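Reader: Hi, I have just opened this one and would like someone to walk me through it. Could we look at it together?

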Amino acid sequence: VYIGEAPGAAEFLPIVCPPYQEDGYYADETFSMDGVSYHANSFCLAWNGSSCLFNLNGQYSALEVTIGHLDGTANAESTVNIYLDGTYSQSITLEPEEMSKTITIPLKNALQLKIELKGSPYHYCDVVFANAKLIR
């Protein structure tokens, strides 16, 4: 019988490190990308300028996540900006009607992760982050 974390157990970002500050962040819902539904361990940033901040406590080396447009909102290009400890790290661009993709984001044992969504202010640009798995 294990007390605490089981060795090798998956750790998901919205579960073990929920955002401490957010704007346009939605979780605990079912989201659909490319006709596939995602619920647990997933979240959505819902409009241009949406962002969320996570306290990682320097415990993780990477985030593996499936990212894509929420079904019905792939009308314009969306860019997801990643910041680690307040410093720009990388951008992920999603073209209109692009299929979702699984990516690995290096976290470099950062203390803080910021995810920011930039898209057209005139079109829906909701982006889903599904099965957001943290890697130690």
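Reader: Which charged end sits over the ring of tyrosine 83?
Author: Bearing in mind that this is a predicted model, the charged end over that ring belongs to lysine 114, and it sits 5.4 Å from the centre of the ring.

Reader: Okay, and rings with rings: how many aromatic pairs does the structure hold?
Author: The structure holds six aromatic pairs. In one of them, the rings of tyrosine 26 and tryptophan 47 have centres 6.4 Å apart and planes at 75°, and because an angle over 60 degrees counts as edge-to-face, that is how this pair is classed.

Reader: Where in the chain do tyrosine 26 and tryptophan 47 lie?
Author: They come from distant parts of the chain, 21 residues apart: tyrosine 26 belongs to strand β3 (residues 25-27), while tryptophan 47 lies in the loop between β6 (43-45) and β7 (51-55).

Reader: What about phenylalanine 43 and phenylalanine 129, are their rings stacked or edge-to-face?
Author: That pair is stacked, because the planes of phenylalanine 43 and phenylalanine 129 are at 10°, which is under 30 degrees, with the ring centres 4.8 Å apart. This pair, too, links distant parts of the chain, since phenylalanine 43 is in strand β6 and phenylalanine 129 is in strand β13 (residues 127-135), 86 residues apart.

Reader: Are those two buried or exposed?
Author: Phenylalanine 43 counts as buried at 1% relative accessibility, and phenylalanine 129 counts as buried at 2%. Both belong to one aromatic cluster, which is formed by Tyr25, Phe43, Phe54 and Phe129.

Reader: Switching to the strands: what order does the open sheet of five strands have?
Author: The order is β2-β7-β12-β9-β10, and the pairing is antiparallel. At the edges stand β2 (21-23) and β10 (87-94), and because each has a single partner strand, one side of each is left without a neighbour in the sheet. From one strand to the next, the twist averages 15°.

Reader: What actually holds strands of a sheet together in pairs?
Author: Strands of a sheet pair through backbone hydrogen bonds, either parallel or antiparallel.

Reader: And over how many bridges do β7 and β12 pair?
Author: β7 and strand β12 (residues 112-119) pair over five bridges, in the antiparallel sense. To take one place you can look up, asparagine 55 has glutamine 112, in β12, as its bridge partner.

Key: Residues numbered from 1 in each chain as written. Predicted model: local features only at pLDDT ≥ 70, side-chain atom pairs only at ≥ 80, totals over all residues. Heavy atoms only, no water. Phe/Tyr/Trp six-rings, centres within 6.5 Å; stacked < 30°, edge-to-face > 60°. Helix = DSSP H or I, 4+ residues; strand = E, 2+ residues; numbered from the N terminus. Buried < 20%, exposed > 50% of the residue type's maximum accessible area, 1.4 Å probe, protein only. Lys NZ or Arg CZ within 6 Å of the ring centre and 35° of its normal. Pairing = 2+ DSSP bridges. Axes fitted to C-alpha atoms, helices over the stretch in contact; angles between N-to-C directions.
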